[in-house]
Structure formats: structure tokens, C-alpha cells
Amino acid sequence: MSRLLHALDSALRDLEQRSLRRRLRIAKRAGRHVHVRDEDGTVSSPLVDLSSNDYLALSDHAHLKRTAIDAINEHGVGGRASRLAGGHAPFHEALEHRFARFKHAEAAVLFPTGFMANLATLGALAGPGDLICMDKLNHASLIDAARASGATVRTFAHLNYDQLERILHRAYCSKPGRPGLGAHSAAGAGKTFIVTDAVFSMDGTAAGLPRLIDIAVRFDAMLIVDEAHATGVLGPTGAGLAEHQGVADRVDVVISTASKALGGLGGIVSARQVVIDTIVNCARAFIYTTAVPPAQVAAIDAALDVVRDEPARRRRLQHLAALVREQLTKQGWAVPPVSTTGELITTPMIPLIVGDADAALALSAHLQDHGYLATAIRPPTVPPGTSRVRLSVRTDLEDDEVTRLVNVLADARTPMPSR
Ligand SMILES: Cc1ncc(COP(=O)(O)O)c(C=O)c1O
């Protein structure tokens, strides 16, 4: 084995020893049920799926499937060319207009994935000399995008907006060239961005957007919000957290994914026209990639129909998530509260924080033994000492499946043996 391969192999062994090695596991899904194949080839009996982000159960929705198939029949399979080099089709334009309306925004632009949308947005808008302030628990794609942009990146503790204000104060006072903040303002210096997840993927917590808007206005910063886990889930029309908190038209840039509650795949940025035009002109992840293919666009369009026409899905999801959260908190599980301000808000991901990686693996195995698939989340996805099992509630869970889940977890409150 070459020296390089040997080094890679020993790094993997080290992960293995610390119970941090990840392995792909084949999962075959149908609706809310999933079969998983273990390394030894054994296939599980059907498990209730609490591991996906298909919160509204749209992945298997007949309308999405039919619309996607029709789009393939009409337009073919491939995206064919990049958008600027001839791949821009009427269905892209129509979806972007529709999505902008859905998000209470002026314009929108579509990407193949949410990860790319985040990379593209910060890559196009921020650069050296700029300042990006981010919540410490932001999604990896935002962290990577911020780093890749070349801007100075400062993080604040999770939802700690007092600390954010202190960072901004310090930045403006030490760099009088930055715009904003009255006496310190001067034209021509770097731009400032505040970047946050709307709903945090590993904690199920929610940002306080009204306060962030207030801070952004005071410091002349642009607020960028990743609504990946809130789109389709929160707000009177399912537009997301900003809509839920009554500020949908006051967030500068919103990034959504179609890969969670919308049941498909795709990232969509919505903002003022000038921001979208800047992304189209400057984002390498937009310019140098192939247009999103017809079936993917059609599925997003159909998902928006369902979000509009079947609000009962959203209501049932909220009901179940609130129920599970309440029961598990009563049992004494360490479930972080969704909001730090006492605001009434329910999100569908419920993390059971158990501490070390072995304990998380053991809890996940216990759930699997009792018919549920919920993944153990370990470092580096979460900070050391906060390994957890994340339950993703979905709208199509049956009442008895929820009751049994709560009972299974009550049994697990006695310490789990490590595997
Ligand atoms: C908060 C957040 N942003 C962005 C993404 C990336 O979205 P996608 O899966 O569409 O690439 C995810 C998905 O894991 C996410 O949780």
C-alpha cells in the first residue's frame, strides 16, 4: 500500500475506534416504510421511517410522480446545457416566477441542489473585504460557502443575537471604513452579511428573524436565511419561518430546498431582482453547471400545488411533532426547545441528545429493534459530546405508530448498553 493510501486507511481506522466512521447503508423506501440492508447483507423488516426529511410525504405523492413523468415525456430527461448557454426553458422561468410569489419575493433562481444554491449565493454576493456573521450551528453548506467566498467569517453562539451585536459593534468600531452605524459609516468599504438557518437541521431550533432583521437594518447588513427545513412546513401558506414570524417580505435573501418537505430536489434563491441578477451573472455554481432537468422542475411545481391545496398535511405534521416533542420532554429526554423566546413554534425534527457517539448508536439500534429507523448523528456533524438520535416526524405517521414510538423511547430512558 502506498504511503498515501496507508495514511487514509489509518485515518479511517481511527474514526472506527472512536465510533465515528460512517458507512453507506442501503435503504429501500415506500411511503413511510423503509427496509435497510446491514453490512452482512441482512435486510430489515419494514421500519417506520423517522430518518428522512420528507416531512409532508410528498416524495411518493401521485401528483408529483405524474407531473414529473409527464415532463419527461414532453421535454426529455436531461438539462442539456447551462442556463446561460441555451438551457433556459419556459418551465424554469415559470417555476422561478411562481416560487418568488410563494416566498413573497420579487424574483427567484433555481439550482440543482440547496447546497449549490448556498455556495452560489455567498460566492456571488460576498468576497474579500466583506464580513459574514453566522450562527455557529448553520448548515455545512453555508459554512463552506462563507469560507469559500474569501470574506472574513465570524460566528456567534447558537441564537445568541447579543453576541452577534457585539461582533458587529466591534467590527464597525475597529474598521471605520465599514458602512452603517452612524458616525462610523463611510462609503465604499466592505459589505456585511448575517447568515442563518431558519430551522436548524440538527437541533430543530428556530431563528428569531424579526430580531435579526432589526440588527441587519441597524448595521446596514444583508440578511440571508436558509429556509431548507421550514419551506412547506411553517407559515400560513407553508412559505416558511419568515412567513410564520410575519416578516416574509423583509428578509433580504431566502434560500429554500425542494429536497425536504417538497419531496424532490433543488435549491431556490428568492430575493430582490437585483440580487437574483447578480447571482445569475456572478455565481460560478450557476454559470458553470447544467440546467435543472424537466422532471425535477415539474416535481417542485407539483409540490407547490400540494402545499397550496392540502394544508391538512401541514397541520397534521405540526400536531404530531408537537405531541412527540411534548411526550419526550416529559420523559426527560434532552430535547432543545425550538425557540429561546417562548414563541409558539413547532418543527418536525426532534433531537434526542445523549452525549457520546456510542450512546447515540445504541439508541438508534434500540429504535431499529423496535421497528423505527432514526439515525445516530455524531461529530463532526454535531459538536463532540452532543451526539444524538434525530427523529424526523412525518405527516403520514399513524397514531398507533406514534404511541408505540413514545413507549419505546420511555423504555430506553434506562441507560442503553453500548454496542
Ligand atoms: C439547512 C440546510 N441547508 C441546505 C441543505 C442542502 O440542501 P440540498 O440537500 O438540497 O443540497 C440542507 C440539507 O441537508 C440543509 O439541512
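**Entry 1: the ligand shell**

I sorted the residues of the shell around the ligand by type. Two are nonpolar, 10 are polar and two are charged. I was working on a predicted model. Next I looked up how many residues surround the ligand, and found 14. The closest are Thr113, Gly114, Phe115, His139 and Ala228. Which element gives the largest share of the shell? I found helix α4, residues 114-125, which supplies three residues.

**Entry 2: the whole chain**

I then stepped back to the protein chain. I counted 14 helices and 14 strands. The C-alpha trace spans about 60 × 55 × 55 Å along its principal axes. I checked the radius of gyration against the rule for a compact globule. With 419 residues, such a globule would have a value near 22 Å, and the chain has 22 Å, so the two agree. I noted that 47% of the 419 residues count as buried. I also looked at contacts between residues at least 6 apart in sequence. Of these, 69% join residues at least 24 apart.

**Entry 3: the seven-stranded sheet**

I traced an open sheet of seven strands. Its order is β4-β10-β9-β8-β7-β5-β6, and the pairing is mixed. Which strands stand at the edges? They are β4 (107-111) and β6 (152-156). Each has a single partner strand, so one side of each is left without a neighbour in the sheet. On average they are turned by 20° against each other, direction ignored. I reminded myself how pairing works in general: strands of a sheet pair through backbone hydrogen bonds, either parallel or antiparallel.

**Entry 4: strand β5 and its partners**

Cysteine 133 has isoleucine 194 as its bridge partner in β7. I turned to β6 next. β5 and β6 pair in the parallel sense over five bridges. In β6, threonine 155 is the bridge partner of methionine 134.

Which way do the residues of β5 point? Leu131, Cys133 and Asp135 point one way, while Ile132 and Met134 point the other way. All of them are buried.

Helix α5, residues 140-149, lies across β5, β6, β7 and β8 (222-226). Helix α5 runs at about 165° to β5. Helix α7, residues 209-218, lies across β7 and β8. The angle between α7 and β8 is about 155°.

**Entry 5: the three-stranded sheet**

I moved on to an open sheet of three strands. The order is β11-β14-β13, with antiparallel pairing. β11 (349-355) and β13 (376-377) stand at the edges. Each of these has a single partner strand, so one side of each lacks a neighbour in the sheet. β13 and β14 (residues 387-392) pair in the antiparallel sense over two bridges. Isoleucine 377 stands opposite arginine 388 in β14. Last, I looked up what packs on this sheet. I found helix α13, residues 357-369, touching β11, β13 and β14. The direction of α13 makes about 30° with that of β14.

Methods:
Residues numbered from 1 in each chain as written. Predicted model: local features only at pLDDT ≥ 70, side-chain atom pairs only at ≥ 80, totals over all residues. Near = placed C-beta within 6 Å. Helix = DSSP H or I, 4+ residues; strand = E, 2+ residues; numbered from the N terminus. Nonpolar A, V, L, I, M, F, W, Y, C, P; charged D, E, K, R; others polar. Pairing = 2+ DSSP bridges. Axes fitted to C-alpha atoms, helices over the stretch in contact; angles between N-to-C directions. Contact = placed C-beta atoms within 7 Å. Rg over C-alpha atoms; globule rule 2.2 N^0.38 Å. Buried ≥ 20, exposed ≤ 12 C-beta atoms within 10 Å, placed from the backbone.
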